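This report is for a reader who is new to the structure.

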Amino acid sequence: MRIVVKVGTSTLAYPTGCLDIRHVEILVKTLSDLKNAGNEIVLVSSGAIGMGVGRLSLKERPKDMPTKQAAASVGQCELMYTYDRLFGEYNHIVGQILLTGEDFAYADRKRNFENTILRLLALGVIPVVNENDTIATEEISVGENDTLAAMVACSVDADLLVLLSDIDGLYTKDPHKCEDARLIPLVEQITPALVELAEGKGSSLGTGGMATKLHAAKIVMEHGVDMVIANGARPRKLYNIVEGEAVGTRFVGKEKL
């Protein structure tokens, strides 16, 4: 299988911005083992700004664009150093790809990206993709890494996209507030009711990024790619997800219905 895995900052780092060593080591070990089993892995990784905040000992996440970009510059080095070192322990090579919205907006740039990432996969490399936060501004940014991961998954004709988040999946209600909230295990169509659920006012599902995850799901489902939302606190669940077991919420690609 060709699998794209997206990890968020909450999976990689503590609120301080410092690396969550335990989670990252388990994640890398699991991805390395899945690659050893014959799968092709693409890792879409957030965390550059967050890790930059920790590395620079900033008191909080910066609000102005120049400081955000400076933190991303420092954090991206830390992030790739970590991945290179940890994947290297399992004899796997990583390659960095930094993208902006313009790399998908223009046909020649999109083709160049696709040629690069496909060649990296052919060479047995694990591509590590992130938005180029050091130069991306509102006008040229993809926006967030859920959408970026979906666009990457479509570009490489992935079999599966996994979004590792800080929530177990899509729920019928906000699980933090409602005891009767139920996990939705399978979604075959993005309905207006689901969109309203994710974007509802006052819902932590929306503020927690569930709306962007549904947008990502819509992109890949149209392309015939399955997508799973699962909790990044348990990276070993990737084994179960790849084997098709019921973990989190699975969105079924259209051509597989």
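## Helix 3

In this predicted model, helix 3 spans residues 48-55 and is mostly covered, with 7 of its 8 residues buried. The buried residues are Ala48, Ile49, Gly50, Met51, Gly52, Val53 and Gly54. A residue counts as buried when its relative accessible area is under 20%.

Which elements cover the buried residues of helix 3? The cover includes helix 4, residues 65-88, and strand 4, residues 126-131. After helix 3 comes serine 57, which has a positive phi, near 55 degrees.

## Overall fold

The protein contains 11 helices and 8 strands. Its radius of gyration is 17 Å, close to the 18 Å given by the globule rule for 257 residues, so the protein is as compact as a globular protein of that length. Along the principal axes, the C-alpha atoms fill a box of roughly 45 × 40 × 40 Å.

Of the contacts between residues at least 6 apart in sequence, 72% join residues at least 24 apart.

## Burial and surface

Across the protein, 52% of the 257 residues are buried. The accessible surface comes to about 12,400 Å², and carbon and sulfur atoms account for 50% of that surface.

## Charges

The protein has 27 positive and 34 negative charges. How far apart are the mean positions of the positive and negative charges? They lie 2 Å apart.

Conventions: Residues are numbered from 1 along each chain as its sequence is written. This is a predicted model: local features need pLDDT of at least 70, side-chain atom pairs count only at pLDDT 80 or more; totals for chains, interfaces and linings use all residues. Side-chain values use heavy atoms; hydrogens and water are left out. Helices (H or I, at least four residues) and strands (E, at least two) are DSSP runs, numbered from the N terminus. The radius of gyration is taken over C-alpha atoms; the globule rule is 2.2 Å times the number of residues to the power 0.38. Buried means under 20% relative accessible area, exposed over 50%, partly exposed in between (1.4 Å probe, protein chains only). Contact means heavy atoms within 4.5 Å. Accessible areas come from the Shrake-Rupley method with a 1.4 Å probe; for residues, only the protein chains shown count as cover. Lys and Arg count as positive and Asp and Glu as negative; His and the chain ends are not counted. The place of a charge is taken as NZ of Lys, CZ of Arg, CG of Asp or CD of Glu.
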